[in-house]
Structures are given as C-alpha cells and as structure tokens.
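Have the structure open and follow along.

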Amino acid sequence: LGLAGTDDQSILVESGVPFLVAAGFQMTFAIITLALVVAASWWLSVNWRHMPWQSLDMAAAVDRFTLMKLDRLHGDAPACRAKLTEAGVRFAIAPVVSAGPQCGFDDGVTLPANREIVYRPSTPMSCVTAVGLALWERQTLAPEARLLFSARVVAIETLGTYNCRRIGGGESGRLSEHASANAIDIAAFRL
C-alpha cells in the first residue's frame with residue numbers, strides 16, 4: 001500500500017475504502033429502485049381502472065380522473081352511447097339540433113319514461129351529460145336517498161337542458177353549457 005504521508009484522505013484512497021463506499025451506495029440505490037418498481041407495479045395492478053389513460057368504467061367509483069374520461073367522450077357519439085349501454089341505461093337517440101355556429105348538438109339522447117328514475121320533462125341532452133347523470137344517479141343520488149330518507153328517487157323534475165344562451169342570459173360573455181345541451185337544471189326530486 002505504501003502510504004505517502006499521514007493524510008487521512010490518502011490512507012482511505014489507497015486502502016480502497018472509497019470503492020467500498022461507492023459500491024455500498026450503488027447497492028442501496030439498486031435495492032431502493034427495485035422496491036419502488038415493485039410497489040408501483042403492484043399499485044398499478046390494483047388501481048388500473050383509475051388511471052387517466054383508461055376509458056371510463058361505468059362500474060368503477062368516481063375518482064379524480066372521471067371528469068377527464070367523460071370529456072374524452074365529447075365528439076365520439078358511438079363510444080358515448082356504448083357507455084350508456086354498458087351501464088344498462090335505456091335511451092333514445094335525439095335528432096340533431098343546429099342553431100347557428102355556436103349552439104346545438106349532434107350527439108343527443110333522450111332518457112325515456114320507462115327508467116328507474118324518470119326525468120320530467122324528458123328532454124334531449126348531450127350523450128356525455130346522460131353518462132354523467134347515470135354515474136351520479138347510481139353513485140350519489142340513489143345511495144343518499146336511501147340513507148337520508150329510506151326511500152328511492154322515482155322522478156327528477158327538471159327545468160331543461162338545451163337553451164342557446166349566454167351565461168346569466170346576457171348579450172355578451174361566454175356561452176352557457178346549455179347552448180350545447182351539456183347542462184341540466186334540476187328543480188326537484190320525487191321519492
């Protein structure tokens with residue numbers, strides 16, 4: 001080894017200790033990395049439905065990515081209608097509504113009166129709105145009605161869905177979501 005002095009650094013360098021420290025660090029890093037990969041793989045296998053790149057699962061609980069998944073259904077009427085069918089929601093395809101360049105919808109559906117929960121009046125809405133309502137009915141509205149009132153909701157009184165107007169009814173500003181049938185005003189619940 002031939003120590004050239006009493007300098008501690010020269011003793012450590014020449015004795016191979018830095019090599020052992022570096023090897024230990026690399027081994028620790030490799031073990032931690034492997035543990036993280038295994039944990040991430042397990043978590044993804046358990047939570048794959050909740051990943052933002054997955055399609056909307058009508059049976060899965062609503063989570064932080066549900067709105068993103070709903071938004072992806074805009075402009076894809078066949079995929080949206082397939083989600084309604086997957087959930088067992090009865091619907092009828094509504095005629096296309098066109099009221100100028102900014103108002104209207106081409107993916108409309110109507111929820112018929114022979115459903116578990118009836119919407120009165122039955123009015124056309126965008127398919128994405130119907131999918132959102134189906135999720136809300138099953139995961140929020142029905143359980144809460146049972147919990148709070150020991151009853152089920154049989155009807156929802158609405159003030160409509162489609163209305164070509166601006167927010168607040170003014171002559172300027174953003175268009176309301178009602179202008180494309182992406183909103184519904186609920187007035188009452190019937191138990």
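Start with a pair of facing residues: Val-118 stands opposite Ala-155 in β7. Before going on, remember that this is a predicted model, where local features need pLDDT of at least 70, side-chain atom pairs count only at pLDDT 80 or more, and totals for chains, interfaces and linings use all residues. Residues are numbered from 1 along each chain as its sequence is written, and side-chain values use heavy atoms, with hydrogens and water left out.

Strands here are DSSP runs of E with at least two residues, numbered from the N terminus. Two of them count as paired if DSSP finds at least two bridges between them. By that rule, β5 and β7 are joined by three bridges and run parallel. On to the next pair: β7 and β8 run antiparallel, with five bridges joining them, and Gly-160 sits opposite Asp-185 in β8.

Put together, that gives an open sheet of three strands in the order β5-β7-β8, with mixed pairing. β5 (118-120) and β8 are the edge strands, each pairing on one side only. As for β7, five of its six residues are buried, meaning under 20% relative accessible area with a 1.4 Å probe, protein chains only.

Now for the loop between β7 (155-160) and β8 (185-190), where you'll find Ser-176. Is Ser-176 buried or exposed? Ser-176 is buried, at a relative accessible area of 9%. Leaving aside residues up to four places away in sequence, Ser-176 touches Arg-165, Arg-166 and Ile-167, where contact means heavy atoms within 4.5 Å.

Definitions and conventions. Helices (H or I, at least four residues) and strands (E, at least two) are DSSP runs, numbered from the N terminus. Buried means under 20% relative accessible area, exposed over 50%, partly exposed in between (1.4 Å probe, protein chains only).
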